[in-house]
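Welcome, and please open your viewer with the model loaded. We will go from stop to stop, selecting a few residues each time and looking at what is there.

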Amino acid sequence: MPGEHIIYHELIEAMGQAGCPICRLCEQAVAGYIDSILYEQVNAPSFRDKFRAAMGFCAEHAAEMAGAGRALGIAILYKDILDTLLEEAERQPSAGEWHSLLAQHAPCPACQQYLTMEQAYLGAFVQYMDRPAFRQALEHSDGLCLAHLRKLLEHPLREEDVHFVLAHHLRQWEQLRQELGEYIRKNDYRFRHEAFGPEGDSWQRTLELLTSGRDWKEGEAGRGTGFRRRPSARRRG
Ligand SMILES: [Zn+2]
Ligand SMILES: [Zn+2]
């Protein structure tokens with residue numbers, strides 16, 4: 001995890017770019033994590049165990065891994081999972097046992113990494129919010145997405161920080177609403193001759209900022225470690 005000083009500068013820089021800075025930084029961190037797995041950890045037994053226990057990545061991170069361009073690493077990691085499933089099959093599990101096996105696995109390691117980094121970046125965000133340079137960067141940023149604004153507000157914040165953050169987001173939402181209104185108006189056949197201005201991509205920017213978050217329910221709670229619990233039973237026969 002990056003040091004305190006680095007996180008501060010990462011946040012400032014991310015606020016100078018489009019979209020939610022926390023989303024941007026967490027996505028970058030996960031992309032780096034996936035790269036490091038494919039470059040360095042494919043042959044590390046501890047990571048292989050973790051990956052097997054999670055039955056691989058979730059759909060989103062599997063797709064991201066597919067784009068990382070390290071096919072051999074992917075083949076090695078996923079062959080492990082098929083080995084495990086086919087070993088399980090030798091015990092001739094019932095449909096119910098198959099169901100538990102497929103349902104009860106550890107959370108996606110990349111989702112876990114995302115959550116860890118999200119916590120670090122939001123914690124730093126809270127910590128730096130009273131610094132004038134940080135506030136200034138926030139004031140000129142697109143603001144946080146709905147999911148990260150909600151998570152930020154779960155932290156103990158000073159009342160003035162809450163007002164500052166909410167006022168900035170209300171201004172951003174008002175601006176986006178006006179741009180969407182203009183975008184909708186220019187799509188009317190009576191105004192189609194008018195060229196699009198900055199509102200042309202307002203629907204895309206809105207989609208990025210008005211995300212209510214990922215469905216982490218599976219990853220956060222309840223998932224057991226079906227694959228990890230079974231090896232002794234598996235090797236008995
Ligand atoms: Zn976000
Ligand atoms: Zn995931």
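Start by selecting M55, which counts as buried because it has 21 C-beta neighbours inside 10 Å. The cut-offs: buried is 20 or more other C-beta atoms within 10 Å of a residue's own, exposed is 12 or fewer, and partly exposed is in between, with C-beta atoms placed from the backbone. M55 sits in the loop between α3 and α4 (59-66), and its phi is near 55°, a positive value in a residue other than glycine. Element names follow DSSP runs numbered from the N terminus: helices are H or I with at least four residues, strands E with at least two.

A word on conventions before moving on. This is a predicted model, in which local features need pLDDT of at least 70 and side-chain atom pairs count only at pLDDT 80 or more, while totals for chains, interfaces and linings use all residues. Residues are numbered from 1 along each chain as its sequence is written, chains are lettered from A and ligands numbered from 1 in the order in which they are written.

Next, select Q92, in the loop between α5 and α6 (95-103). Q92 is not a glycine either, yet has a positive phi of about 50°. Is Q92 buried or exposed? With 7 C-beta neighbours inside 10 Å, Q92 counts as exposed.

Now show helix α3 (residues 45-53) and helix α5 (residues 71-90), which pack at an angle of about 55° with their axes 9 Å apart. Axes here are lines fitted to C-alpha atoms, for helices over the stretch in contact, and angles run from 0 to 180 degrees between N-to-C directions. The angle makes α3 oblique to α5; under 35 degrees counts as roughly parallel, over 145 as roughly antiparallel, 65 to 115 as roughly perpendicular, and the rest as oblique. Pick out R48, F51 and R52 of α3 with L77, D80, I81 and T84 of α5 to see the contact, where contact is C-beta atoms, placed from the backbone, within 7 Å. By class there are 3 nonpolar, 1 polar and 3 charged residues. Nonpolar covers Ala, Val, Leu, Ile, Met, Phe, Trp, Tyr, Cys and Pro; charged covers Asp, Glu, Lys and Arg; the others, Gly among them, are polar.

On to α2 and α7, whose axes come within 9 Å and cross at roughly 140°. That makes α2 oblique to α7, and α2 passes α7 in a right-handed crossing. Select I22, L25, C26, A29, V30, Y33 and I34 in α2, then A110, Q113, Y114, M117, E118, Y121 and L122 in α7, which they meet. This contact divides into 12 nonpolar, 1 polar and 1 charged.

Stay here for the largest nonpolar core, where L11, I22, C26, A110 and Y121 touch the most other members among 33 residues. Such a core is a set of buried Ala, Val, Leu, Ile, Met, Phe, Trp, Tyr and Cys residues joined through C-beta atoms within 7 Å. Two or more residues each come from α1 (4-15), α2 (21-41) and α7 (109-128), and α2 gives the largest share, 8 residues. Click on A110: leaving aside residues up to four places away in sequence, A110 touches V30, Y33, I34, F57 and H61.

Notes: Two residues are in contact if their C-beta atoms, placed from the backbone, lie within 7 Å. A crossing is left-handed if the near helix is turned anticlockwise from the far one by less than a right angle, and right-handed if clockwise.
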